Amino acid sequence: SNMDMDFVAELEKARVISGVPFVINSGYRCPSHNASVGGKPTSAHLSGKAVDISSMGSLSRFKIISSSIQAGFSRIGIGRTFVHIDSDDTKPSSVIWDYY
């Protein structure tokens, strides 16, 4: 797998805490796929330290975000239909952004 295994272990902690399935829309991306989906050239998806988790409502979004914070993640992006979680230590921490 091209995913960072430490990242995956932390993600599993968050999933267990949340009590909801984590349906991954996007994990590792090779550079060409990242570009084709409009990902930033410095995306954490390129290093296997990011996922976009499907979240189709406010309750699942809350559970994904709160459990991720409890598991130690501090970089979260909120989209209309997904929550982005990453552990890219080359970028600022303690941040939450949106994609609207």
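Reader: Gly19 to start with: buried or exposed?
Author: This is a predicted model, to begin with. Gly19 has 65% relative accessibility, so Gly19 counts as exposed, the cut-off being over 50%.

Reader: Where does Gly19 sit in the fold?
Author: Gly19 is in the loop that links α1 (5-18) to β1 (24-26).

Reader: And how many Å separate the C-alpha atoms of Gly19 and Met3?
Author: The separation is 23 Å, for a pair 16 residues apart along the chain.

Reader: What about Pro21, which loop is that in?
Author: Pro21 is in the loop between α1 and β1. Pro21 has a relative accessibility of 62%, so Pro21 counts as exposed.

Reader: Switching to helices. Which helix has Ser67?
Author: Ser67 belongs to α3, which covers residues 58-70.

Reader: Buried or exposed, Ser67?
Author: Buried: the relative accessible area of Ser67 is 1%, and the limit for buried is under 20%.

Reader: What lies 3.2 Å from a polar atom of the Ser67 side chain?
Author: The backbone oxygen of Ile64 does.

Reader: Which residues does Ser67 contact, leaving aside neighbours within four places in sequence?
Author: Ala14, Ile17, Ser18 and Phe22. Ala14, Ile17 and Ser18 are in α1, where they meet Lys63, Ser67, Ser68 and Gln70 of α3.

Reader: What is the make-up of that α1 contact with α3, by class?
Author: There are 2 nonpolar, 4 polar and 1 charged residues.

Reader: At what angle do α1 and α3 pack?
Author: The angle is about 125 degrees, and the axes are 8 Å apart. Oblique is therefore the word for α1 relative to α3.

Reader: Left-handed or right-handed crossing?
Author: α1 passes α3 in a right-handed crossing.

Reader: New topic, Ser55. Where is that?
Author: Ser55 is in the loop between β2 and α3.

Reader: Loop residue, then. Buried or exposed?
Author: Ser55 counts as buried because its relative accessibility is 1%.

Reader: What does Ser55 touch, not counting residues up to four places away in sequence?
Author: Ser55 touches Ser60, Arg61, Ile64, Arg80, Thr81, Phe82 and Val83.

Reader: How many Å is Ser55 from Thr42, C-alpha to C-alpha?
Author: 24 Å, and 13 residues apart in sequence.

Reader: Where is the place of Thr42?
Author: Thr42 is in the loop between α2 (31-36) and β2 (50-54). At 55% relative accessibility Thr42 counts as exposed, whereas Ser55 counts as buried at 1%.

Reader: Which residues are in contact with Thr42, again leaving aside neighbours within four places in sequence?
Author: Asp88 and Lys91.

Reader: Last one, backbone angles. What is phi of Ser94?
Author: Near 55 degrees, which is a positive value in a residue other than glycine. Ser94 is in the loop between β4 (82-86) and β5 (95-98).

Reader: Buried or exposed there?
Author: Ser94 has 66% relative accessibility, so Ser94 counts as exposed.

Note on methods:
Residues are numbered from 1 along each chain as its sequence is written. This is a predicted model: local features need pLDDT of at least 70, side-chain atom pairs count only at pLDDT 80 or more; totals for chains, interfaces and linings use all residues. Side-chain values use heavy atoms; hydrogens and water are left out. Helices (H or I, at least four residues) and strands (E, at least two) are DSSP runs, numbered from the N terminus. Buried means under 20% relative accessible area, exposed over 50%, partly exposed in between (1.4 Å probe, protein chains only). A polar contact is a pair of N or O atoms within 3.5 Å; within protein, one must be able to donate a hydrogen and the other to accept it, and residues adjacent in sequence count only if both atoms are side-chain atoms. Contact means heavy atoms within 4.5 Å. Axes are lines fitted to C-alpha atoms, for helices over the stretch in contact, and angles run from 0 to 180 degrees between N-to-C directions. Angles under 35 degrees count as roughly parallel, over 145 as roughly antiparallel, 65 to 115 as roughly perpendicular and the rest as oblique. A crossing is left-handed if the near helix is turned anticlockwise from the far one by less than a right angle, and right-handed if clockwise. Ala, Val, Leu, Ile, Met, Phe, Trp, Tyr, Cys and Pro count as nonpolar, Asp, Glu, Lys and Arg as charged, and the others, Gly among them, as polar.
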